[in-house]
Amino acid sequence: MLRIRNLNIEIFTDKRIFFFKSEFNSGVNIITSEENTSGKSSVISAIIYALGMEEIIGGKGSKVLSAAFNNTIKDEKENNHKVIGGKIYLEIFNGNETVTLYRSTNDEDRSTNLITIYYSNLKDIYSTEVKQEDMYLHVKNSAQSAKGFYTFLENFMGLTLPRVPSQDRDERKLYLQFIFASMFIEQKRGWSDILSRVPNYGVVSPKKRVIEYILNLDSLNNEKALITLNNTKKNIESEWKELFMKANLLCESNGLALFGVNNKPEMIVSDNLKLVDKNDDISLEKSILDKEAKINQIELGKKINLKDEAGLQNELNSTLEDLQEFEKKVSLINKDITLEKYEIKKLINGIEIIQDDIRNNQDISKLVEFGSKEKFSVFEKICPTCHQSIEDTLLDVDVPTNVMSSEENISHLKSQLVLFQAIVEQKKNKVSQLEYKKKELELKGKQLRVLIKTLRNDIYSLSGEYSESDVYKKVILTEEVRKLKFVKQEFAEIKNFFNDLGIQWKQYLEDRSNQDKEVLSTNDKLILNDLRVKFVSNLKAFGYKSTNDYDKIQISDKTLLPEVMGYDMKFDSSASDHIRGIWAFTIALLETSNKNKGNHPGLIIFDEPNQHSIIEQDMEALFTKISNVTSNEQVIMGYTAKDIDAINIIDELKKKKTKIISIGKQAFTAKDQ
């Protein structure tokens, strides 16, 4: 809850002080004058500024206020006085407690980022017994820190502002500025659209979030739950894919293959998850045992026996054949790499041509759409290079065919572009795989060459000497065993991660099945129906004439804003009816919140609602409507009563004990210092 009780403005010049003082009641308060330039908007802007909400007007600090606060101010004789500073005091009430806010304007010694809170009513702020406290605003942590004014104001108003989805896939607070933008309709840009001054601050669908909070809808929490589920899914999928790539990289660098899991999350059976030696088609564990057995066998017969010369020669010949086979494979891979790179180059050239064609077609399409009569060579069947006659189809010209339009060409070319780009990416991945395989083969070939050299040395060595080839084999096998044991250890950890992610995936699937697929709850739909009923009722009362079929006016499930036949209602509204729509919706939000125990602070401020030639009869209907608000709500309105009908309306309102704040020709009264 928030109520304005008292406003005191002091503007200092070199010789005189200009001031405005007024009390405000619960119910309706109308600041009125006969001229549109008397200072009503300056007074209303001062209220908004004192509350730290001047961003709704268009910026931060006192510079957003009128010239009367920053440059010059006129006295009763139309003489200009240079402004050297100002003070704004605003007494506010939350139903239990009263405080007074003080902000300076155009003051070199006091920043506009500073606000003072007096824990008393306005008339007692100078009492020595009154506690006062300075706070900051419009800087970091203003809405989180204990010394941040927006933290104070949120608590003072009894609000608990939620965190809402943001455009960076995170969450951020629904700041007070969002809520106040639904309560304050300022004169310059406030009447351009429903909730037009709601800021963005990186929030997804900010107007929707404001309506959800004011009406206390379940949809915000439901949508956040769905977003959380989607983020959970994306995180699990990302971690799973990264883990899968890590496991495959571990396998590829050690001649192994991964079984029992794919690149998409699933519930896995741990026993089915295993690594297999690609060369021998045996498990990782069996491969380690076999290699260790070979090492033991080498150690048992590590000296040369001349009787083994034939065996050594056979092994040499076999190794030479293996080397030739590996070299052939490397040669074939080199050819494949060269071919793939050549095809990639051609595809990239094709992509550049398609991109040029898309740009050309788009340019021509725009020119034709704008009414260009130029004879483009593409349309005239003329070669743009040699200027000879050509057909735009390879089909028989005598056979009637449907030639694609420019838009169809663009769509077709974009499809080709996506296809070409996908093929290029696929071929780049293939080149990477071939180059990795080539490195593996080259490393194996290097090992074979060393083995061939040691076998030749063994053949010509004396009996009883140590076998160089066996020693080399042992070194290689020992290193391979070491690597495989490291892989085994790493893979045990990877299996655990897969198991954990599998459990998270199962939980995600359960949560998704339990989550309501509809964002709007049954209660939400009832509340939104109340909003529609009150909105339409207000439209009728205010003389809205842009449609005769009010049944077509609905509240969108997606935006929570008014629409007609699925389109924003403003597109079917006249300029004056658009203003009536803003009146109707702003008031309907308050009414619906009151009925359904929502979070509306119960305050509305309209600055000059009589826009776009609104007739006085409809203004009278607006005053009648707002006069029916209970004493627990407050409406403050700036209104120019410059003709007899408007003056009569004000006189009638006075009879109803409406608070009329008449400012005459000037809002600010001057007195000598």
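This is a predicted model: local features need pLDDT of at least 70, side-chain atom pairs count only at pLDDT 80 or more; totals for chains, interfaces and linings use all residues.
The buried residues of helix H5 pack against strand S9 (163–165), helix H4 (176–180), helix H6 (219–252) and helix H12 (575–595). Helix H5 covers residues 206–214, and because 8 of its 9 residues are buried, the helix is largely enclosed by the rest of the structure. The buried set consists of Pro 206, Lys 208, Arg 209, Val 210, Ile 211, Glu 212, Tyr 213 and Ile 214.

Let us turn to the charged side chains. Searching the whole structure gives 29 salt bridges, and a few of them are worth a visit. Asp 618 pairs with Arg 580, their closest N and O atoms being 2.6 Å apart. This pair links distant parts of the chain, since Asp 618 sits in helix H13 (residues 616–627) and Arg 580 in helix H12, 38 residues apart. Asp 618 has a relative accessible area of 4%, so it is buried; Arg 580, at 5% relative accessibility, also counts as buried.

Arg 172 bonds with Asp 168, with 3.0 Å between the closest N and O atoms. Here Arg 172 is partly exposed at 26% relative accessibility, and Asp 168 is partly exposed too, with a relative accessible area of 47%. Lys 123 forms a salt bridge with Asp 124, where the closest N and O atoms are 3.5 Å apart. In that pair Lys 123 counts as exposed because its relative accessibility is 69%, while Asp 124, at 29%, counts as partly exposed.

Now look at Lys 173, which belongs to strand S10 (residues 171–173). Its relative accessible area is 13%, so this lysine is buried. What does its side chain meet there? A polar atom of the Lys 173 side chain lies 3.2 Å from the backbone oxygen of Ala 143. Setting aside neighbours within four places in sequence, Lys 173 is in contact with Ala 143, Gln 144, Glu 154, Leu 161, Pro 162, Arg 163 and Phe 178.

H9 provides the largest share, with 13 residues. By residue type, the lining of the largest pocket comprises 18 charged, 12 polar and 12 nonpolar residues.

The second largest pocket has a volume of about 690 Å³. Of its 30 lining residues, Thr 37, Ser 38, Gly 39, Ser 42 and Ser 66 are the closest to the centre. Helix H1 (40–50), helix H2 (67–70) and strand S4 (72–74) are the elements giving two or more residues to its lining, with the largest share, 6 residues, coming from H1. The lining of the second largest pocket divides into 12 polar, 10 nonpolar and 8 charged residues.

Key. Residues are numbered from 1 along each chain as its sequence is written. Side-chain values use heavy atoms; hydrogens and water are left out. Buried means under 20% relative accessible area, exposed over 50%, partly exposed in between (1.4 Å probe, protein chains only). Helices (H or I, at least four residues) and strands (E, at least two) are DSSP runs, numbered from the N terminus. Contact means heavy atoms within 4.5 Å. A salt bridge is a side-chain nitrogen of Lys or Arg within 4 Å of a carboxyl oxygen of Asp or Glu. A polar contact is a pair of N or O atoms within 3.5 Å; within protein, one must be able to donate a hydrogen and the other to accept it, and residues adjacent in sequence count only if both atoms are side-chain atoms. Ala, Val, Leu, Ile, Met, Phe, Trp, Tyr, Cys and Pro count as nonpolar, Asp, Glu, Lys and Arg as charged, and the others, Gly among them, as polar. On a 1 Å grid over the protein atoms alone, a cavity is a set of points where a 1.4 Å probe fits but cannot get out, and a pocket is an open set with protein on both sides within 12 Å along at least five of seven lines; lining residues have an atom within 4 Å of a point. Grid points are joined across faces, edges and corners, and a volume is the space filled by probe spheres set on the points.
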